[in-house]
Amino acid sequence: MLRRNIIELRNLTKSYNDTVVVDAINLLIRENEFITLLGPSGCGKTTTLRMIGGFEDPNDGDIFFEGTRINNVPPYKRNINTVFQKYALFTHMNVYENIAFGLRIKKVPNDEMKKRVQRMLKLVDLEGFEKRHVDSLSGGQQQRVAIARALVNEPKVLLLDEPLGALDLKLRKEMQIELMDMQKNVGITFIYVTHDQEEALTMSDTVVVMNNGVIQQVGSPVDIYNEPENRFVADFIGESNILEGIMHEDFLVSFSGRKFRCVDKGFSKDEPVDVVIRPEDIDVTSPEDADLQGVVSSVVFKGVHYEMLVESGDFEYMIQSTDMQPVGAGIGLKFGPEDIHVMKRGSDNEK
Amino acid sequence: MGRHSKRAGALSILFMGLGQLYNRQIIKGCILAVAEALYIIMLLPYTLSCIKGLVTLGDTPQRMVNGKIIQGDHSIFMMVYGIIAIIVLFLFVVLYIINVRDAFKVGKNRDEKKKVNSYKDSLRNLSEKGFVYLLLTPAGVFTLFLTVVPLAFGVMIAFTNYSSPNHLPPRSLVDWVGFQNFINLFQIPSLGKTFAGIARWTLIWAFLSTFTTFFVGLVFAVIINANKIVLKKFWRSIFILPWAVPGFISILIMRNMFNGQFGPINKYLTSIGIGAVPWLAEPFWAQTTCILVNLWLGFPYYMAMMSGVLTGIPRDLYEAASIEGANARQQFFQITLPMVLFATAPLVINGFAYNFNNFTLIYLLTNGNPANNQYFYAGHTDILLSWLYKLTLEQNQYHMAAVVSIIIFVFITIISAFNYMRTRSFKEEDMVQ
Ligand SMILES: Nc1ncnc2c1ncn2[C@@H]1O[C@H](COP(=O)(O)OP(=O)(O)OP(=O)(O)O)[C@@H](O)[C@H]1O
Ligand SMILES: [Mg+2]
């Protein structure tokens, strides 16, 4: 499916007091996409979002909305709305007034306003809550009011800055599913910020991994997980074994003192590389018919599987397996060419 | 009802301690009996004569016999003694009731064949269960004498003719007059006019002085807190200065500044050709001056307080409003003002009550002047409290002063009670973090 671009960031840069917080990022966001900015705390996600929303002026670079540059357009003219992390509900108004706030400002006639607010209440499943004081609502309900308030203006893009950050785990999971449904129903673009990689992988069409104000990788959740572009992404998304190796030729890499067949190509001859092997891709076998031999140094039960650390040569492999091996057991490690992922050397993309 | 409880109860009604003796609580019974005997022998005659004095307020006035003054009855002292005697009698009656209930209860225990407490048991009981009451007793007694006596005294004065020139002890006697003073306040034209006029100005004054300080404070707080303002701390310190100087000094300085003839303000106005303004001499201007000076003294308090409230309003509320297209004015009226009002309404009502009784400012700045010759010992800027002061300390019109103070008391009590209930509901709603 080919979708039109709705937002484009070009060379977008922001610094506070000479500290560069967002560093010349380029990003294409398509219509109806659920796109997530993912990265560790302080990496510039909120700042990026606030520039898109119009609350911060970039120091450099441009923001395009449907092909028009909107750097100098005030927030309320951007056709973009925001759900704030702490909801930012008007505590002195009831649910109805909160949702109707913008419509009143725009002098929307009373009966139309009523209709639109009702539609929103239905969408977020809060019918009958009109008269309730927002302070009397639970966290999840307040969150829904905030979403209803943001959607009632029928924006084309909704910005959500860690909207589930304040909720407990169970409610979080429920709201994740509801948010995804809502996005499908209203059919608008969601730009979502989180530092929870699991949340990002669950909900998004596209994940943007950021670190230190620089985009590390843009891709679908599957790509991001299976084909991390660098050590940072591999490390940040899920558990992984990251080893240093040498790419001898296409489809042949060596690490841990051995040569392995792999499915990667396009490196120069004998180029130093980083190699990623996911813990769940390593099979435990008897030492004789294995690629590598090692000794189990610790075992932790994780519910679905056991997580074992296995010392082999001077590297400690993490392995996830449903079969437990006792500490001190000598075992073999086995993985196929498609389980080996080769990346360019260097910890992350830097300017 | 059993035999013992009936008899013990009846006996202890007859004389304190008898019931306890009947219940074979010898020590307790003796103590109670001695207490009643002592009261009857030593205090009762005196109590009765004091209460009689309270009723009559004396009947022999001071006389001159052969050029020598012979002391008569002092009505006011008699009134105070009477009040104290009533309180002592009241305490005795309370003790008597406790005594009867105790005898009855112990008797009932005997009827039900339960154990009767020995003296030691009773003491232990008292120190265990009654410990809090024991602790509270001294404070309770102090309150009775230091708060209830003056309060009762003040209220009673309103029902007498205690005033200069004809009813001022020790020269002459004071009499009870019933509700006559209250009737007079509304029926005697000069009094009624004074009261109505002063009450109206007091309300206008309390409202305007609170309102102006509140809004000017709010405006300054908003301006200082605006992002564009640099040197926030500097401005805040400058504006807080008038508040840091002791009030009466500022007021006296202001009184000189606004002086009609010699004041620098009028000198300056004259020099630039506007001419002197009768700041303190004409009723309207004097009232305006009061409000201006109070504004100058009072707004820093609200400014400081509301700066705090403003910084407590989360920034994203404004951002959320601005996405919806609210401009600066709409943001102020729909977010800032309601949030600040919710947070400070109790203080505003308190401020109203404070200004209602802001004696210091009025008395020091204008002394109630300019005088109003249609008023009963009062001027155009007098508020009820300063009128009260003049009535008592300058004119010895204690009876009318008492009436006015009862009215003020009732009014302030209503405001405070209202405020208290509102404050609680505010807390529950938890408006601003
Ligand atoms: N107004 C500001 N003034 C100065 N520095 C700021 C300002 N706002 C953000 N920063 C800095 O910019 C960096 C990025 O902040 P940002 O809020 O974008 O991080 P984030 O990725 O959203 O992190 P988190 O996941 O913790 O919310 C941080 O180091 C932060 O301290
Ligand atoms: Mg953030």
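Modeller: Two strands pair if DSSP finds at least two bridges between them; strands (E, at least two residues) and helices (H or I, at least four) are DSSP runs, numbered from the N terminus. What you see is a predicted model, where local features need pLDDT of at least 70 and side-chain atom pairs count only at pLDDT 80 or more, while totals for chains, interfaces and linings use all residues. Residues are numbered from 1 along each chain as its sequence is written, and chains are lettered from A and ligands numbered from 1 in the order in which they are written.

Colleague: Thanks! How many helices and strands are there in chain A?

Modeller: Let's begin with the outline of chain A. Its C-alpha atoms fill a box of roughly 80 × 45 × 40 Å along the principal axes. Within chain A there are eight helices and 20 strands.

Colleague: Which strands of chain A stand at the edges of the open sheet of four strands?

Modeller: The order in this antiparallel sheet of chain A is E2-E1-E4-E5. Strand E1 (residues 5-16) pairs with E2(A) over eight bridges, and A:Tyr16 stands opposite A:Thr19 in E2(A). A strand with a single partner has one side left without a neighbour in the sheet, so the edges are E2 (19-30) and E5 (68-69).

Colleague: A:Tyr16 makes me curious about the ligand. Which helix gives the largest share of the shell around ligand 1?

Modeller: A residue counts as near ligand 1 if its C-beta atom, placed from the backbone, lies within 6 Å of it. The shell includes A:Tyr16, A:Val21, A:Lys45, A:Thr46, A:Thr47 and A:His195. By class it has three nonpolar, seven polar and one charged residues (Ala, Val, Leu, Ile, Met, Phe, Trp, Tyr, Cys and Pro are nonpolar, Asp, Glu, Lys and Arg charged, and the others, Gly among them, polar). The largest share, three residues, comes from chain A's residues 45-53, helix H1.

Colleague: Which residue in the turn between E17(A) and E18(A) has a positive phi?

Modeller: E17(A) also pairs with strand E18 (residues 315-321) of chain A, antiparallel and over seven bridges. A:Ser312 stands opposite A:Phe315 in E18(A). This hairpin has two residues between its strands, and the one with a positive phi of about 60° is A:Gly313.

Colleague: Is A:Ser256 buried, exposed or partly exposed?

Modeller: A:Ser256 is in the loop between strands E12 (252-255) and E13 (258-261) of chain A. Beyond its neighbours within four places in sequence, its contacts (C-beta atoms, placed from the backbone, within 7 Å) include A:Ser312, A:Gly313 and A:Phe315. A residue is buried with 20 or more other C-beta atoms within 10 Å of its own, exposed with 12 or fewer, and partly exposed in between. A:Ser256 has 18 of them, so it is partly exposed.

Colleague: Where chain B touches chain A, which element of chain B gives the most residues?

Modeller: The contact takes 18 residues from chain B and 16 from chain A. Helices H13 (315-323) and H14 (328-356) of chain B each give two or more residues. The largest contribution, six residues, is from H13(B).

Colleague: Finally, how far apart are the centres of the two domains of chain B?

Modeller: An automatic or database assignment sets the domain bounds, here domain 1 (3-178) and domain 2 (184-429). In their contact, 10 residues of domain 1 meet nine residues of domain 2. Taken over C-alpha atoms, the centres are separated by 46 Å.

Note on methods: Contact = placed C-beta atoms within 7 Å.
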